[in-house]
Amino acid sequence: MSTVRLLGAADIRRLAAELDVTPTKKLGQNFVVDANTVRKIVTAARVTGDERVVEIGPGLGSLTLAILETGASVTAVEIDPRLASRLAQTASEQGVEDGKLTVVEHDALTVTELPGDPEVLVANLPYNVSVPVLLHFMETFEGLRRGVVMVQAEVGERLAAAPGSKIYGAPSAKAAWYGQWRLAGTVSRQVFWPVPNVDSVLVGFERAGEALGSEADRLDTFRIIDLAFQQRRKMLRQALSRELGGSAAASEILEAAGVEPTARGEALDVHAFFRIAQAVREAR
Ligand code: SAM
């Protein structure tokens, strides 16, 4: 295995200057300038040398190189053409073997095919689209067994929240459709350029062995989740009443699903939302 050299703060600034890139908020461009941090992410993801990794938003390549350092191969999906077009050269300059890195210039929110059949996701996600991008990847790339992503602290805490907690919400219940999520460490703001005005955390996930249900089941369940959390202070029989033909009809369906009609969405796990979706279908 060749020795891969990671990027430091001076390399990041030099590359950005060369490409005439001023980091934009719109694309969530906060680049990691600290080698320890990218190694910490890769260690948390337990990436090993024979694995196929997908990275969303490689930027100037800080994290990409740390993944490649393990010997794993990487498919990197980057929306910014200036960054996407420089990455292969950076990898080669830093000692990465040919053929280990594939760059896909695409919006990660809409990409539907990836070369290399990736099995692990590792990313420092663009913060403004982190949840939709994650859910899109879980849905579209079923080969993804596990991963670690860096997100804004509030988002990470929400993804990993259990029912009954104040921060449990639609993203928590939807993420749980796919498997188990956990917090996997915090990251200082000082390791980014530019320094963001939010804190970051690492979130890890393991996909469940078997899918909870079909794509139709998922869509129906996510619809109920959205309705339940659109009015999270309301009891479920009220929150679902318009969709289910009134509060009495909603109560009947909730009871058929084994859910208390006076409960609130924040108390329900994804299995309960799925049972409600099934009861709705049976009632129609
Ligand atoms: N991985 C790099 C690092 O750790 O230094 C950069 C991380 S930065 C937080 C987010 C990256 O995602 C940027 O490179 C940005 O251009 C890219 N990005 C933003 N929106 C994207 C999208 N919809 N699809 C793919 N990449 C996106």
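I began with strand 2 (residues 52–56), where 4 of the 5 residues are buried, so strand 2 is largely enclosed by the rest of the structure. Buried here means under 20% relative accessible area, exposed means over 50%, and partly exposed lies in between, with a 1.4 Å probe and protein chains only. Strands (E, at least two residues) and helices (H or I, at least four) are DSSP runs, numbered from the N terminus.

I noted that this is a predicted model, in which local features need pLDDT of at least 70 and side-chain atom pairs count only at pLDDT 80 or more, while totals for chains, interfaces and linings use all residues. Residues are numbered from 1 along each chain as its sequence is written, and side-chain values use heavy atoms, with hydrogens and water left out.

Next I looked up the partners of strand 2, counting two strands as paired if DSSP finds at least two bridges between them. Strand 2 pairs with strand 3 in the parallel sense over 5 bridges, and arginine 52 has serine 73 in strand 3 as its bridge partner. Strand 2 also runs parallel to strand 5, joined by 2 bridges, and here valine 54 has leucine 121 as its bridge partner.

In what order do the strands of the open sheet lie? I read the order of its 7 strands as 4-3-2-5-6-9-7, with mixed pairing. Strand 4 (101–105) and strand 7 stand at the edges with a single partner strand each, so one side of each has no neighbour in the sheet. The twist averages 20° from one strand to the next, with axes as lines fitted to C-alpha atoms (for helices, over the stretch in contact) and angles running from 0 to 180 degrees between N-to-C directions.

**Helix 2**

Which residues of helix 2 (residues 35–44) are buried? I found Thr37, Val38, Ile41, Val42 and Ala44 to be buried. Seen down the helix axis, they fall within an arc of 165°, so they line one face of helix 2; the arc is that of the directions from the axis to the C-beta atoms. On the face turned away from the buried side I found the exposed residues Asn36 and Thr43. Among the elements covering the buried residues are helix 3 (62–69), strand 5 (120–124) and strand 6 (146–152), where contact means heavy atoms within 4.5 Å. After helix 2 comes arginine 46, whose phi is positive, near 50°.
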